[in-house]
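Hi everyone, thanks for making time for this one.

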Amino acid sequence: MAVTVSEMQEELHLDGEEGILQSLINEGTDYVRSAVNYDLPVEEYEKYPLFDRAVKTYVSSYYYDRSTGVGTNKGLSMMINHLRGRVWGAANGKD
């Protein structure tokens, strides 16, 4: 799966904002991949529903608070840590 603009519009109860949401989806996808293992193609990440939730959490967080002064959302940090474990496990035959 991949996070879409229409999913984010529904989740955030928005009409419009397509450009901003697509930009945040792209950034969130890149951010999560960078935090876990950027060498893996995005298609590998899309096997995990937690990846989509992490991207959605990134988008939601940065849509409402576009500053970076508060740091990473704690829930997003936890999802990234779990994804690291899943990706490591898959790479080592443990998933």
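Helices here are DSSP runs of H or I, at least four residues, numbered from the N terminus. Quick housekeeping: this is a predicted model, where local features need pLDDT of at least 70, side-chain atom pairs count only at pLDDT 80 or more, and totals for chains, interfaces and linings use all residues. Residues are numbered from 1 along each chain as its sequence is written, and side-chain values use heavy atoms, leaving out hydrogens and water.

Back to our pair. Helix α1 covers residues 5-12, and its axis sits 11 Å from that of α4, at an angle of about 60 degrees. (Axes are lines fitted to C-alpha atoms over the stretch in contact, and angles run from 0 to 180 degrees between N-to-C directions.) That makes α1 oblique to α4; under 35 degrees is roughly parallel, over 145 roughly antiparallel, 65 to 115 roughly perpendicular, and the rest oblique.

Who touches whom? On the α1 side we have Glu7, Met8, Glu11 and Leu12, meeting residues of α4 including Arg53, Lys56 and Tyr63. Contact means heavy atoms within 4.5 Å.

Now α2, residues 18-36. The axes of α2 and α4 (residues 49-64) come within 8 Å and cross at roughly 125 degrees. So α2 is oblique to α4, and that crossing is right-handed. Among the α2 residues meeting α4 are Leu21, Leu24 and Tyr31, and the α4 partners include Phe51 and Tyr58.

Methods:
Helix = DSSP H or I, 4+ residues; strand = E, 2+ residues; numbered from the N terminus. Left-handed = near helix turned anticlockwise from the far one by under 90°.
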